[in-house]
Amino acid sequence: MGLAEVLQMCCLSRRSGQITFRSGESYGFVYIQHGKVLHAMCGVIEGEEAIYLMLSWPGGGFSLDEGILPHKKTVALTWEQLLFEGARRADVGMTGPKAPMGAPVTTIEPIGTARTQDSQPKLTIMRPDQPSSIFDLEEEYTHVGRTPGNEISLPYPSVSSRHCMFILSGPDIVVRDLNSSNGTYVNGQPITELVLRPGDIIQVGDVQLKFEPGIKRPKLNTHVPAPRDTEAPIPVKASGMGYSRATVKLPPRSNQDSKAARTLNDSDYVQGVSAISYHDLAKPEPEIPAKPWLTIAIGGAVLVLAIVGGAYYYFVVLHAR
């Protein structure tokens, strides 16, 4: 398939995740969320130009990893606008930035530099019922929440099970709220995502975390995952912007949200299976029963009229002849 077919298929079905598109020895990444294109990387090119470059490639293979999302948004156009502009450029011979003739386009990330213990960014955790403690931000992602599965576990009712996360993004440390119940605050202000500055106070429920930056660039995870097919290992890297391929892991889906699909057959429709919830419809007004005396009176009047009519016909009409 070409990238145009892949984007159309994934966006129309409102999928989310990372699309890895591979054509020959060239490959790049496109990130979508609920059918919207957010970010793309191809070699050192990012954003819409990366998509236009991949649209010019011949057909190839792709994979969709629904467990990761991008750190940033570099694409503003809809997928329809991207495909239209890519087709227009193909008609006029515009393909955007090109790689050297015959050279594959690869997406590489910078190798993280080593850190000394003193240069690690730190969080001073100030709990309301315990002495303060220090936590070194060594991993690329650090989750904060109430459950034990988080790197920083804060077992307080005011803290959500997955409350927020800290991201080592190039030379910066980013804090991102994970749709927590009580919100995440930095220096008293509610945030969704924010680049931290030295001395910032992060409020997570009843717990405060003081941020102390490091001196050097955070160490990134340089492990190269094995490819999913039988091709030779691909040195998958991210561009020089400091973002690695291993992006944000989505929180696990609740079992309550996933219901087993039920297969319908022809008899189901006969039995009245419908998308309409009849419980929400207004109930019909109850029928008012007819009054029995009125029915008897009407019946009696009809009977009397029939007798009178018959007598008139017998005694008047017939005897007149």
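Here are questions and answers on this predicted model.

Visitor: How are residues numbered along each chain, and what pLDDT do local features need in this predicted model?
Guide: Numbers start from 1 along each chain as its sequence is written, and side-chain values use heavy atoms, with hydrogens and water left out. Totals for chains, interfaces and linings use all residues, side-chain atom pairs count only at pLDDT 80 or more, and local features need pLDDT of at least 70.

Visitor: How many helices and strands are in the protein chain?
Guide: Both kinds of element are DSSP runs, numbered from the N terminus: helices are H or I with at least four residues, strands are E with at least two. The count for the protein chain is five helices and 18 strands.

Visitor: Among contacts between residues at least 6 apart in sequence, what percentage join residues at least 24 apart?
Guide: A contact means heavy atoms within 4.5 Å. For the contacts you ask about, the value is 58%.

Visitor: How many aromatic pairs are there?
Guide: Rings of Phe, Tyr and Trp (its six-membered ring) pair if their centres lie within 6.5 Å; planes under 30 degrees apart count as stacked, over 60 as edge-to-face and the rest as tilted. By this rule the count is two.

Visitor: Is the pair of F21 and W57 stacked or edge-to-face?
Guide: The ring centres of F21 and W57 are 6.1 Å apart, with 15° between the planes. Stacked requires under 30 degrees. So the pair is stacked.

Visitor: How many residues apart in sequence are the parts tied together by F21 and W57?
Guide: F21 lies in strand β1 (residues 17-23). W57 lies in the loop between α2 (48-55) and β5 (61-65). F21 is buried at 0% relative accessible area, and W57 is buried at 13%. The parts that this pair ties together are apart in sequence by 36 residues.

Visitor: Is the pair of Y27 and F29 stacked or edge-to-face?
Guide: Y27 is buried, and so is F29. Their rings are 6.2 Å apart centre to centre, with 70° between the planes. The pair is edge-to-face.

Visitor: Are α1 and α2 oblique or roughly parallel to each other?
Guide: Axes are lines fitted to C-alpha atoms, for helices over the stretch in contact, and angles run from 0 to 180 degrees between N-to-C directions. Angles under 35 degrees count as roughly parallel, over 145 as roughly antiparallel, 65 to 115 as roughly perpendicular and the rest as oblique. α1 and α2 pack at about 120°, with axes 8 Å apart. They are therefore oblique.

Visitor: How many nonpolar residues does the contact of α1 with α2 have?
Guide: L3, A4 and L7 of α1 meet I51, M54 and L55 of α2. Ala, Val, Leu, Ile, Met, Phe, Trp, Tyr, Cys and Pro count as nonpolar, Asp, Glu, Lys and Arg as charged, and the others, Gly among them, as polar. No polar and no charged residues take part, and the nonpolar count is six.

Visitor: How many charged residues does the contact of α2 with α3 have?
Guide: α2 and helix α3 (residues 79-92) pack at about 55°, with axes 10 Å apart. E48, E49, I51, Y52 and L55 in α2 meet L82, L83, E85, G86 and R89 in α3. By class there are five nonpolar residues and one polar, and the charged count is four.

Visitor: Which residues in α2 are buried?
Guide: What covers the buried residues of α2 includes α1, β1, β2, β3, β4 (45-46) and α3. The buried residues in α2 are A50, I51, Y52, L53 and M54.

Visitor: Is R14 buried or exposed?
Guide: R14 sits in the loop between α1 (3-12) and β1. Its phi is positive, about 55°, although it is not a glycine. With a relative accessible area of 56%, R14 is exposed.

Visitor: How far apart in space are G145 and G205, C-alpha to C-alpha?
Guide: G145 is found in strand β9 (residues 141-145). It is buried, at 0% relative accessible area. G145 and G205 are 60 residues apart in sequence, and their C-alpha separation is 9.8 Å.

Terms used
Buried < 20%, exposed > 50% of the residue type's maximum accessible area, 1.4 Å probe, protein only.
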